[in-house]
Amino acid sequence: MRVYVPLTLPGLAEAYKTGELGSGPFVAYAVTPGLREWYVSDDIEELEYAALGRAALASLRLLAAEPGAPRRRVVIAVDVADRAVSADGREAPAEVRVAGPVPLGKAASVHVDATDAQADVTAAAEALPAADGGDDDAQSVVDGAEDHELLWFATQEIASLVGHGD
């Protein structure tokens, strides 16, 4: 099963250093029955894109909790065994739990904001608490981060993304 793991750049650097994602059960996002119902589509590419979007929002939440991290959302697409993934249906659409840890070598790709997204991502991370409280203006700021497509990177490019490239 393909899952999308939300991270920050420091989290990606840690995964690169250790060679694995997670140290125990961790949250990821995938095409689940709940996502299919929420998104109302049978197109697998659209559903995977929606799961990636949910992971990008979770990455934004990680950034809000980690003020020193560079303001770029990070999502790793990784293939894991179906038996390593569970969802009880009460989570947000697409949210799953991965038994973890997962070898970084199972990653299929990495998705990261371009540097020109940093101002909008910074504003969105700062607006999250107000948006969660129902502030429509703050929600509009959070939605502004979604206007930026995450860039696709091959797993061989992780070293360069975390500053360990040649």
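Among contacts in the chain between residues at least 6 apart in sequence, what share joins residues at least 24 apart? The share is 76%, where contact means heavy atoms within 4.5 Å.

**Figure 1. The whole chain, a predicted model.**
Residues are numbered from 1 along each chain as its sequence is written. In this predicted model, local features need pLDDT of at least 70, side-chain atom pairs count only at pLDDT 80 or more, totals for chains, interfaces and linings use all residues, and side-chain values use heavy atoms, with hydrogens and water left out. The chain holds 6 helices and 9 strands. These are DSSP runs numbered from the N terminus: helices are H or I with at least four residues, strands are E with at least two. The radius of gyration, taken over C-alpha atoms, is 15 Å. That agrees with a compact globule of 166 residues, for which a value near 15 Å would be found; the globule rule is 2.2 Å times the number of residues to the power 0.38. Along the principal axes, the C-alpha atoms fill a box of roughly 40 × 40 × 25 Å. The accessible surface comes to about 8,600 Å² (Shrake-Rupley method, 1.4 Å probe; for residues, only the protein chains shown count as cover). Carbon and sulfur atoms account for 50% of that surface. Of the 166 residues, 43% are buried. Buried means under 20% relative accessible area, exposed over 50%, and partly exposed in between (1.4 Å probe, protein chains only).

**Figure 2. The largest nonpolar core has 26 residues.**
A nonpolar core is a set of buried Ala, Val, Leu, Ile, Met, Phe, Trp, Tyr and Cys residues joined through side-chain atoms within 4.5 Å. Val-3, Leu-12, Leu-21, Ile-76 and Val-110 have the most contacts inside this core. Several elements each supply at least two of its residues, including strand 1 (2-7), helix 1 (9-18), strand 4 (74-79) and strand 8 (107-112). Helix 6 (158-161) is also one of these elements. Another core, of 15 residues, lies apart from it, with Leu-47, Ala-51, Leu-52 and Ala-94 among them. In soluble globular proteins, nonpolar side chains tend to be buried together. What does Ile-76 touch, not counting residues up to four places away in sequence? Its partners include Val-3, Val-5, Leu-12, Leu-21, Leu-104 and Val-110.

**Figure 3. Strands 1, 4, 8 and 9 are linked by pairing.**
Two strands pair if DSSP finds at least two bridges between them. Strand 1 and strand 4 are antiparallel, over 6 bridges. Arg-2 stands opposite Asp-79 in strand 4. Strand 4 also pairs with strand 8 in the antiparallel sense, over 5 bridges. Here Val-75 faces His-111 of strand 8 as its opposite residue. Strand 8 in turn runs antiparallel to strand 9, joined by 3 bridges. Val-110 stands opposite Phe-153 in strand 9. Strand 1 is mostly covered, with 5 of its 6 residues buried. Strand 8 is mostly covered too: 5 of its 6 residues are buried.

**Figure 4. Trp-152 sits in strand 9 (residues 151-153).**
Is Trp-152 buried or exposed? Trp-152 is exposed, because its relative accessible area is 55%. Leaving out residues up to four places away in sequence, Trp-152 touches Ser-109, Val-110 and His-111. Val-112 is 40 residues from Trp-152 along the chain, yet their C-alpha atoms are separated by 6.8 Å.

**Figure 5. Asp-113 lies in the loop between strand 8 and helix 4 (118-132).**
Asp-113 has a relative accessible area of 0%, so this residue is buried. Its side chain makes a polar contact with the side chain of Arg-73 (2.7 Å). A polar contact is a pair of N or O atoms within 3.5 Å; within protein, one must be able to donate a hydrogen and the other to accept it, and residues adjacent in sequence count only if both atoms are side-chain atoms. Arg-72 is 41 residues from Asp-113 in sequence and 5.1 Å away in space, C-alpha to C-alpha. Not counting residues up to four places away in sequence, Asp-113 also touches Val-121, His-148 and Leu-150.

**Figure 6. Glu-95 lies in strand 6, and Ala-94 in the loop between strand 5 (85-86) and strand 6.**
Glu-95 counts as buried because its relative accessibility is 16%. The side chains of Glu-95 and Arg-97 make a polar contact (3.3 Å). Beyond neighbours within four places in sequence, Glu-95 is in contact with Val-27, Ala-28, Tyr-29 and Ala-87. Ala-94 is buried, with a relative accessible area of 1%. Phi of Ala-94 is near 85°, a positive value in a residue other than glycine. Most residues other than glycine have a negative phi.
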